[in-house]
Amino acid sequence: MIEKLHIYIAIIAALIVNVCCIVTSNSLYTTILYIIAAIVVFFFIGIFVRNFIIKNFYPESEENVSENEGETEEAEGIEVSAEDEEQLI
């Protein structure tokens, strides 16, 4: 469900805008313009909210953490070239 949060937010915003336009008796073209604008704006807001929730409330799985630790250990290793070996001897 969290993967589709941005879609749910956009749909709810469009429904609210539609009800407001019906209550205020706007014309059809004005209503459509407001609904399209609400869908586009709240779609992007929903993407930001979804990413914020995923980053802050869902920790990384243990598999990803262990893979990342292995990569950092490999990156921190020191390589000795043939020239360096000759200088050490």
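The largest nonpolar core of this predicted model has five residues: A14, V17, C21, I35 and A38. Two elements, α1 (5–23) and α2 (28–57), each give two or more residues to this core. The greatest contribution comes from α1, with three residues. In soluble globular proteins, nonpolar side chains tend to be buried together.

V17 belongs to this core. Neighbours within four places in sequence aside, V17 is in contact with Y34, I35 and A38.

The buried residues of α1 are L5, H6, A10, A13, A14, V17 and C21. Their cover includes α2. An α-helix has 3.6 residues a turn, so residues three or four places apart point the same way. The length of α1 agrees with expectation, because its 19 residues should span 27 Å at 1.5 Å a residue and its end C-alpha atoms are 27 Å apart. Just after α1, S25 adopts a positive phi of about 60°.

At the level of the whole chain, four helices and zero strands are present. From the N terminus, the order of elements is α-α-α-α. The chain has 89 residues, and 13% of them count as buried. Among contacts with a separation of 6 or more, 68% join residues 24 or more positions apart. The accessible surface comes to about 7700 Å². Carbon and sulfur atoms account for 65% of that surface.

How values were computed
Residues numbered from 1 in each chain as written. Predicted model: local features only at pLDDT ≥ 70, side-chain atom pairs only at ≥ 80, totals over all residues. Heavy atoms only, no water. Core = buried A, V, L, I, M, F, W, Y, C linked by side-chain atoms within 4.5 Å. Buried < 20%, exposed > 50% of the residue type's maximum accessible area, 1.4 Å probe, protein only. Contact = heavy atoms within 4.5 Å. Expected span 1.5 Å × (residues − 1). Areas by Shrake-Rupley, 256 points an atom, 1.4 Å probe, with all protein chains shown as cover.
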